[in-house]
Amino acid sequence: RQRQMCIRDRLYALWLLVNSLISWIYMSANKSIIWPSTTCTATHECGWFTVHRLNFALGSLHLLLAASLVGVKSTKNPRAALQNSWWSLKLLCYLGLVILAFTIPNGFFVHFSKWISVPAGAVFILVGLILLVDFAHEWAETCIQHVENQDDNSPFWKKSLVVGTVAMYTASLAMIVEMYIIFCRGNCSLNQFSATINVVLTLVTALLSVHPKIQEANPNCGLAQSSMVSLYCSYLVLSAMASEPDDKMCNPLVSSSGPRNFSVVMGSILTFVAIA
């Protein structure tokens, strides 16, 4: 049963990966999969609507699966097979939903993006941050436990904890410096405010992590956790600045494909790490 669950999870992850790769390709090429003449806007934003249609189809499929599995608490329930098998049927349903999504007018996806996709993306970032903090605690506690055991591997775990913490703070500092040099020039007040708030919150989390009261409540809490949070939040702010339009001359990288591709790749990696 555990083997079947492992295979199932890998197939769902592979499905998400393939869907994301196809979305990335069509977003980069700004092409539509089917009916390009009816799915492009006046500005020929085919890729944007293709991405929304693909992910709308995949999300709808998972919502249908969730609705069909309400009340299922055991694999002995016949409906559990919908979650663990029937892959051909689910693939056909997905393809049908993709075709159906291309019959929906573009205006629907404009409003869907504004009222559903953006809030859901914000919630996902928060959930990812919570999972990341939990992982940071597990990592730090594991290192501390091995160090306290004073066995042959204790030096390795101690170096892992120290080097990892310093590396994450160094990377966070590098991204903060990059923000101020590239995106916070002139009258870019919004970028300056965002970068400054990120610095302030980084310092606050670092100070709180070593505060005596917090140390008393959780002795394993420390700079390792706050460094990971600092790294993640700095990346999010930098990625947002690199993705903003250049209407106020605050994003000199907007016309460069390299930083955009790097941002997409890093975002995809962090997404799959958070899911894993």
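Among contacts in the protein between residues at least 6 apart in sequence, 65% join residues at least 24 apart, contact meaning heavy atoms within 4.5 Å. This is a predicted model, with local features needing pLDDT of at least 70, side-chain atom pairs counting only at pLDDT 80 or more, and totals for chains, interfaces and linings using all residues. Residues are numbered from 1 along each chain as its sequence is written, and side-chain values use heavy atoms, leaving out hydrogens and water.

Q: Why are α7 and α8 called roughly antiparallel?
A: Helix α7 (residues 154–183) and helix α8 (residues 189–209) pack at about 160°. Angles over 145 degrees count as roughly antiparallel, so α7 and α8 get that label. Their axes, lines fitted to C-alpha atoms over the stretch in contact, lie 9 Å apart.

Q: What makes up the contact of α7 with α8, by class?
A: From α7, Tyr169, Ile176, Met179, Tyr180 and Phe183 meet a set in α8 that includes Asn191, Ala195, Val199 and Ala206. By class, that's 8 nonpolar, 5 polar and no charged residues. Tyr and Ala count as nonpolar, for instance, while Asp, Glu, Lys and Arg are the charged ones.

Q: How do you know what span to expect for α7?
A: Take 1.5 Å times one less than its number of residues. With 30 residues, α7 is expected to span 44 Å, and its 43 Å from first C-alpha to last is close to that.

Q: Which residues of α7 are buried?
A: Buried means under 20% relative accessible area (1.4 Å probe, protein chains only). Among those in α7 that qualify are Leu161, Met168, Ile176 and Phe183. Their cover includes α6 (106–149), α8 and α10 (223–243).

Key:
Axes fitted to C-alpha atoms, helices over the stretch in contact; angles between N-to-C directions. Helix = DSSP H or I, 4+ residues; strand = E, 2+ residues; numbered from the N terminus. Parallel < 35°, antiparallel > 145°, perpendicular 65-115°, else oblique. Buried < 20%, exposed > 50% of the residue type's maximum accessible area, 1.4 Å probe, protein only.
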